[in-house]
Amino acid sequence: MRQSDKDSLILIGFICLFTTAIHIANVFFRGQLNDYGLLPRHFSHFTGIVAYPFLHGSWAHLISNLFSFSVLGYLVSRSGLARLIAVFMISWVGSGVGVWIFGRMHFHVGLSGIIYGLWAYLLVYAVMYRSLKSIAIAVIVMFLYGSMVWGFIPAHSWVSYESHFFGALAGVLAGFIFARRDKQREIVT
């Protein structure tokens, strides 16, 4: 196993452990930490952009997000640890700022904005870059996570479809930028 792969797994594992520790503390405090989630258009809660991905409403919410994050994060890391960190951060900031500006007026919590960013990145990167590896990964992603498209529909008031939308939008942007950059590098070398 390459060192980059080990480092990616360590990062993914750390994020999962950190998020689980936060959830355990949140359970201990009877959900009061969710008050540090993202509350749109409230400057007093602007720090929620930093905290919201690591807060979850329930164990089921946490477990489903951690599983999806681990799989999609690992697939993104096939392009290296730096790429995983970049797409993670772009998705985090993009979904956070988008929800803060346009979201419904309630607390938004969970990793799903980042998960949708990773998902959209993998799909757009494959379409733009068109390598065998990226297309194979996109096929796997669509097979495992094709149903994520339903997360854009505001069917339940407790689901932050805004986080899904803006995370995916950030992932599309990241996929476009990185595919273009990688194609340019290929041409130069």
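Val-159 sits in the loop between α6 and α7. Helices here are DSSP runs (H or I, at least four residues), numbered from the N terminus. The model is predicted: local features need pLDDT of at least 70, side-chain atom pairs count only at pLDDT 80 or more, and totals for chains, interfaces and linings use all residues. Residues are numbered from 1 along each chain as its sequence is written, and side-chain values use heavy atoms, with hydrogens and water left out.

- Val-159 is partly exposed because its relative accessible area is 25%; buried means under 20%, exposed over 50%, and partly exposed in between (1.4 Å probe, protein chains only).
- Leaving aside residues up to four places away in sequence, Val-159 touches Arg-104 and His-164; contact means heavy atoms within 4.5 Å.
- Ser-160 belongs to the loop between α6 (132-145) and α7 (161-188).
- Ser-160 has a relative accessible area of 9%, so this residue counts as buried.
- Arg-104 and His-108 are the contacts of Ser-160, not counting residues up to four places away in sequence.

**Ile-135 in α6**

- Helix α6 holds Ile-135.
- Ile-135 is partly exposed, at 39% relative accessible area.
- Ile-135 touches Ala-126 and Arg-130, again not counting residues up to four places away in sequence.
- Ile-135 and Lys-183 are 48 residues apart along the chain, and their C-alpha atoms are separated by 15 Å.

**Nonpolar surface patch**

- Ile-24, Val-27, Trp-59 and Ile-63 form a nonpolar patch on the surface, with about 390 Å² of accessible area together.
- Patch residues have over 30% relative accessible area and no salt bridge; like charges are joined within 9 Å, nonpolar side chains (Val, Leu, Ile, Met, Phe, Trp, Tyr) within 5 Å.
- A salt bridge is a side-chain nitrogen of Lys or Arg within 4 Å of a carboxyl oxygen of Asp or Glu.
- Areas come from the Shrake-Rupley method with a 1.4 Å probe; for residues, only the protein chains shown count as cover.
- α1 (3-28) and α3 (59-76) each supply at least two of the patch residues.
- Ile-63 lies in α3 and counts as exposed because its relative accessibility is 54%.

**α3 against α5**

- The axes of α3 and α5 (residues 112-129) come within 9 Å and cross at roughly 35°.
- Axes are lines fitted to C-alpha atoms, for helices over the stretch in contact, with angles from 0 to 180 degrees between N-to-C directions.
- Residues of α3 including Phe-69 and Leu-72 meet a set in α5 that includes Leu-118 and Trp-119.
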